[in-house]
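Trainee: I have just opened this model and would like to learn how to read it. Could you walk me through a few features?

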Amino acid sequence: MSVLFAAAILGVVVVVIFRRLRARRDRQDAGPDPMHVPTLDVVTIGMQGCGKTILLAGTYRAMQTPSNRDFYLRAPYDQVIELGSWYHDVATPDSGWPAGTRKSELREFRFDVMTRTASAPETVLRLNYLEYAGELLTERQEPGSTAQGRLFDAVDGADALIGLIDGLRVRQAYHGDGRGAALLQRSLDTLVSTMFASTSPITFVVTKWDLLDDLHPDQDVRLRLVRDTLMESPGFRDLVREHSARRVIRALHHRIGVLEALFPSSVLGDR
């Protein structure tokens, strides 16, 4: 089994959603309108500090040109500037870390998925990607605040969900750090409670993967150690089994701008 492949998270989501759209269209009597560009909503589920903002910035940077793919991403230029600023703040050691998203703030980033044709590039899909503060998943809101309700409405209506798992917490749990293990369990419980009843495709991403390099020198072994650590949580294991039985489920790990496969659905569901 090959456990490594160069990928990008939106690339995975696009493939899964295209399959979903094709199956939906196959059930229709009339063919799709060739002028219609579907718009699909993607929501990440992850606690504060897990890397949602940097994943978004790194993904766009990796996919703003076609490279060896048949598609690439385009975004409004004001968002391109902001995403680039976030990425370079992290990638440049002397720069400060980007400020976190405010608790009351929900922002939607729009990406056009472009492909080349004989005449000119065309938009084949639009993705709306929700950016929000992780505290909205775990903290009570002030009276009158609507941000948390809007977030969960977006989760309920999403066409794809991305669950983010903090690699720092995985490392701490693996090495027996009780506080780190408790924080990892809290984040996994959040994924379970938010995702379990969803009917959308799910992708898991382990962020801050470089912090796990010391688990084992062999990449395959390291991947399996992380998988085993996550699958020790009964709720997370049930979440994986529930969704693996009904649809494709993927898991990836993230370094800045690059994603690699963590384990396929057949491995995720074998416990």
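Trainee: Which strand does S1 pair with, and in what sense?

Mentor: Two strands pair if DSSP finds at least two bridges between them. Strand S1 (residues 39-45) pairs with S5 in the parallel sense, over four bridges. Within this pairing, Val43 stands opposite Leu161 in S5. Helices (H or I, at least four residues) and strands (E, at least two) are DSSP runs, numbered from the N terminus.

Before we go on, this is a predicted model: local features need pLDDT of at least 70, side-chain atom pairs count only at pLDDT 80 or more, and totals for chains, interfaces and linings use all residues. Residues are numbered from 1 along each chain as its sequence is written, and side-chain values use heavy atoms, with hydrogens and water left out.

Trainee: How many bridges join S5 to S6?

Mentor: Six bridges join them, and the two strands run parallel. Here Gly163 stands opposite Phe204 in S6.

Trainee: Are the faces of S5 covered or open?

Mentor: In a regular strand the side chains alternate between the two faces of the sheet. Both faces of S5 are covered: Ala160, Ile162, Leu164 and Asp166 are buried on one side, and Leu161, Gly163 and Ile165 are buried on the other. That makes seven of seven residues in strand S5 (residues 160-166) buried. Buried means under 20% relative accessible area, exposed over 50%, and partly exposed in between (1.4 Å probe, protein chains only).

Trainee: Now the helices, please. At what angle do the axes of H5 and H6 cross?

Mentor: Two packed helices are described by the angle between their axes and the distance between the axes. The axes of helix H5 (residues 167-174) and helix H6 (residues 178-195) come within 7 Å and cross at roughly 130°. Therefore H5 is oblique to H6. Angles under 35 degrees count as roughly parallel, over 145 as roughly antiparallel, 65 to 115 as roughly perpendicular and the rest as oblique. Axes are lines fitted to C-alpha atoms, for helices over the stretch in contact, and angles run from 0 to 180 degrees between N-to-C directions.

Trainee: Which residues of H5 meet H6?

Mentor: Arg169, Val170, Gln172 and Ala173 do, and their partners in H6 are Arg179, Gly180, Ala181, Leu183 and Leu184. Contact means heavy atoms within 4.5 Å.

Trainee: Finally, where is Ser67 found?

Mentor: Ser67 lies in the loop between helix H2 (52-63) and strand S2 (71-74). Although Ser67 is not a glycine, its phi is positive, about 55°. Ser67 counts as exposed because its relative accessibility is 58%.
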